[in-house]
Amino acid sequence: MKLSWKIILLLSILVILALFAGGLGNNPRDIPSPLVNRPASPFEAPALDGQGMVSLKAHLGKWVLVNFWGSWCVSCVAEHPYLMDLANIARSRSDFVLIGVDFRDTVEGANTFLRRHGNPGYRHALDPKQKIAIDWGVYGAPESYLVDPTGMIILKHTGPLYPGWFEKVALPHIEKKRTESGE
Amino acid sequence: MRPLNGLVFLIGTLLLLTPFSTTLAANLNEDPSEATVRHIAKDLRCAVCQNQSVYESNSDLAQDMLGVIRDKVQAGESEATIRDYFFQRYGDYIYLEPTKKGMNLLLWFGPILGLFIGAYALLAAFKKWKARGDDAIKPAEGSKSQAMQERIEKELNDIEI
């Protein structure tokens, strides 16, 4: 075998090994959402509190964090304390609201969850057949979408939101939009 | 007693066939649109179970996706529209078979190309070996191999059988 062939063989093996090593680090559940930078799908569904409907349209003009959850979801328990903090942040700002979409769940299940882990106070849409969830390309819970005041999906977060997420991830988008619109 | 045996046999056979008859009837009586639902659902990946189609999977998400497909088929939406609905929301990943577009072409035709390159390389190697093989048959010359030959013969002679 000529030296050049040996080098080609060695390089190909190295390339394959490098691709393999790179692939090992990927999370198979972390799939980029094609919905980012596209208009959010509107929804209107019965509210968990039993009072009327919850819709995205009602909050047009504000930043909306749509949080998909269910009382059956273990990671949602871990996320919940931060959602309580986030609800406080939303209350202190006039440009940011939270909506929960409780999917594949029962009213009793969801209410028990909120009693046990605390009620953050914002409203939840009921989605027992996960029609909204599928319409929003949801794989599991928790998943959250940040929707801008014009109704565009700015980002998707798969998995539990973590302390400091708002300041680190959402706020830069909000500030950027504000400087762009010249306010 | 013979006719009675025959009757028992007949009843027994019919009883054994009952479960099959119900499934067969269920298939025959199903809504014609169900075939379209099945066709679409078999091509879509159940998003939470890596390598199962929406039709095969028992996961909650797949069951509800099947419900969405069923609703859309019954609403008269075309197969292409329904496939696109899921594609718009879940991306390329939702298709069990990668689409034959863009970089995916590499997935489809790369292995075939690789096979041809391999076959060509093997052919070239065979030719080379064959060309070299003719020389190799001739005994090697030179004092060293001569000495080796003598030594082999000597060793062979020394062996007592």
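## A salt-bridge network in chain A

Arg93(A), Asp95(A), Glu175(A) and Arg178(A) are linked in a network of salt bridges. A salt bridge here is a side-chain nitrogen of Lys or Arg within 4 Å of a carboxyl oxygen of Asp or Glu. This is a predicted model: local features need pLDDT of at least 70, side-chain atom pairs count only at pLDDT 80 or more, and totals for chains, interfaces and linings use all residues. Residues are numbered from 1 along each chain as its sequence is written, chains are lettered from A and ligands numbered from 1 in the order in which they are written, and side-chain values use heavy atoms, with hydrogens and water left out.

Asp95(A) counts as buried at 17% relative accessibility, while Arg93(A) is partly exposed at 21%. (Buried means under 20% relative accessible area, exposed over 50%, partly exposed in between, with a 1.4 Å probe and protein chains only.) Glu175(A) pairs with Arg178(A), the closest N and O atoms being 3.7 Å apart. Helices (H or I, at least four residues) and strands (E, at least two) are DSSP runs, numbered from the N terminus.

## Salt bridges elsewhere

Over all chains, the structure holds 15 salt bridges. One of them joins Glu155(B) and Arg151(B), with the closest N and O atoms 3.8 Å apart. Both lie in helix 6 (residues 143–158) of chain B, 4 residues apart, so about one helical turn separates them. Glu155(B) is partly exposed at 46% relative accessibility. Arg151(B) is exposed, at 55%.

## The interface of chains A and B

In chain B, 18 residues are in contact (heavy atoms within 4.5 Å) with 17 residues of chain A. The buried area between the chains is about 1,500 Å², and carbon and sulfur atoms give 51% of it. Buried area is the accessible area (1.4 Å probe) that two parts lose on being put together, summed over both. Asp64(B), Arg89(B) and Tyr90(B) supply 39% of the area that chain B buries against chain A, more than any other three residues.

Across this interface there are 4 salt bridges. Arg89(B) and Asp135(A) meet in a salt bridge at 2.8 Å, N to O. Helix 3 (60–74) and helix 4 (79–90) of chain B each supply at least two residues of the side that touches chain A. The largest share, 7 residues, comes from helix 3 of chain B.

## Tyr139(A)

Tyr139(A) lies in the loop between helix 4 (131–135) and strand 6 (143–147) of chain A. Tyr139(A) is buried, with a relative accessible area of 10%. Beyond its neighbours within four places in sequence, its contacts include Ile31(A), Leu61(B) and Tyr93(B). The backbone oxygen of Tyr90(B) lies 3.5 Å from a polar atom of the Tyr139(A) side chain.

## Aromatic pairs

The count is 13 aromatic pairs over all chains. Rings of Phe, Tyr and Trp (its six-membered ring) pair if their centres lie within 6.5 Å; planes under 30 degrees apart count as stacked, over 60 as edge-to-face and the rest as tilted. Trp69(A) and Phe113(A) have ring centres 5.1 Å apart and planes at 45°, so the pair is tilted. Both Trp69(A) and Phe113(A) are buried. Tyr85(B) and Phe86(B) form an edge-to-face pair, 5.3 Å centre to centre with 90° between the planes.

Definitions and conventions
Polar contact = N/O pair within 3.5 Å; in protein donor to acceptor, adjacent residues only side chain to side chain.
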